[in-house]
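Here is a short report on one protein chain. Keep the sequence and the 3D view open as you read.

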Amino acid sequence: HVQLIAIGGAIGTGLFMGSGKTISLAGPGVFLVYAVIGAILFLVMRALGEVLLSNLSYKSFADVAHDLIGPWAGFFVGWTYYVCWLVTAVAEVIVITGYVRYWWPHLPLWITPVVTVILLFGLNLATVKAFGEIEFWFSIIKIVAIMALVVVGVLMVLRGFTAPNGAHAQFSNIWRGGLFPNGLSGFFGAFQIAIFAFVGTELVGTAAAEAKDPEVTLPRAINAIPVRIVLFYLGALAAIMAVTPWREIDPKESPFVAMFALAGLGVAASVVNFVVLTAAASSANSGVYSTSRMLFGLSWADNAPHVFRKLTARSVPGVSLAVTCASLLTSIPLLYTSKSIIAAFTTVTTVASVLFILVWCVIVVSYLRFLTLRPELHRASTFRLPGERGAAWLCLA
């Protein structure tokens, strides 16, 4: 379950919805964009893993920052991470609204966010076990969808598929135009949504703290990150770009839904729309889960009002959950004031990406402090960050 939560955390709407925009900005360079971010995040997660396993009383990286950098760092990273996930969950609610409009284009904009928030509140009021079970199935749906996309893409290329606009499906479409067809500005422009695609990878640290045998589950989940990136991200992008030349991919649409529609699988396009809807719901569910826990932790660290310490009969932080879910309704005014759903999504994800980068930086600084303050624990560690100090500085840079 922790393995699949980790995979589910790494596969979100940044890939399903945002990849159209990243491809149109970076062209073939998009592979390098995802590979660079994936490699750096793997190192950040290895640093986090080493510190978490050195002291199993740490429940999250806010505890790590508080202990190794100082109380102000715990306060900063706790509240920043809370806002990170809150903003991310708002982005997911916006995306869910977009996918629902695929079927019901005339539905009033406010209905979908209200129904989504009520459902998320109900699901999270159940036990932590229920959260794990829901994420487990959400993750399986996402993985099956990506594998199906890769298989369909390869079959379309082998059969010499020709699109209505005359474009031929062929593997050479993937690299046509060179690595930086829109220059370095296009390459770096793609980082914004691509970084958002990876948010949630650090959830492994929070989830493993509530799992059995963290010494086994945490290293296994972290070490699977490079394989996941190559298989899911780069495989899916290659399939999309082989079928549709990258210059013809619409940045305002989900390339996943568009590709199945191109294949003449009308029903499959609806199924994929449902899949990407569950992907957004899964990410919003992760957001609600982690923010309610973070608010609960902040109150126990005296960094938030004590009312957030209250647990329900099922040991769920009920007040924290209610406040978090109510905050998601800020998606409604955003939807009404933005030009389009993708414009609202881009605005919100920009804020989330910057905040997540700050959190990842604090994790790396905590690791550097750990090397200085607890050298004996570092020497005893069986799960080290490869490259140690040098790798940590590279991540910060």
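The report goes from confidence to a helix, then to the core and the cysteines.

**Confidence**

This is a predicted model. The chain averages a pLDDT of 84. At least 70 is the score of 95% of the residues. Among the elements of the chain, helix H20 has the highest mean pLDDT, 95. Helix H11, residues 203–209, has the lowest, 63.

**Helix H20**

Which residues of H20 are buried? The helix spans residues 388–396, and Ala391, Ala392 and Cys395 are buried there. Seen down the helix axis, the buried residues of H20 fall within an arc of 100 degrees, so they line one face of the helix.

What covers the buried residues of H20? The cover includes helix H4 (30–54) and helix H18 (341–373).

**The nonpolar core**

The largest nonpolar core has 129 residues. Tyr34, Tyr81, Phe256 and Leu328 touch the most other members. Take Tyr81. Leaving out residues up to four places away in sequence, Tyr81 touches Phe61, Glu202, Leu203, Met294, Phe356 and Val359.

Now look at Val117, in helix H7 (residues 111–125). Is Val117 buried or exposed? Its relative accessibility is 8%, so Val117 counts as buried. With residues up to four places away in sequence again left out, Val117 touches Cys325, Leu328 and Leu329. Leu328 was also named above, among the core residues that touch the most other members. Val117 and Glu135 are 18 residues apart in sequence. In space they are 17 Å apart, C-alpha to C-alpha.

**The cysteines**

A disulfide is a covalent bond between the sulfur atoms of two cysteines. How many disulfides does a search of the whole structure find? The search finds 0.

| Cysteine | Nearest cysteine sulfur | Distance |
|---|---|---|
| Cys84 | Cys361 | 11 Å |
| Cys361 | Cys395 | 9.2 Å |

For a disulfide, the two sulfur atoms must be within 2.5 Å. Cys84 has 0% relative accessibility, so Cys84 counts as buried. Cys361 has a relative accessible area of 26% and is partly exposed. Cys395 is one of the buried residues of H20.

How values were computed: Residues are numbered from 1 along each chain as its sequence is written. This is a predicted model: local features need pLDDT of at least 70, side-chain atom pairs count only at pLDDT 80 or more; totals for chains, interfaces and linings use all residues. Side-chain values use heavy atoms; hydrogens and water are left out. Buried means under 20% relative accessible area, exposed over 50%, partly exposed in between (1.4 Å probe, protein chains only). Helices (H or I, at least four residues) and strands (E, at least two) are DSSP runs, numbered from the N terminus. The arc is that of the directions from the helix axis to the C-beta atoms. Contact means heavy atoms within 4.5 Å. A nonpolar core is a set of buried Ala, Val, Leu, Ile, Met, Phe, Trp, Tyr and Cys residues joined through side-chain atoms within 4.5 Å. pLDDT is the predictor's confidence in each residue, from 0 to 100.
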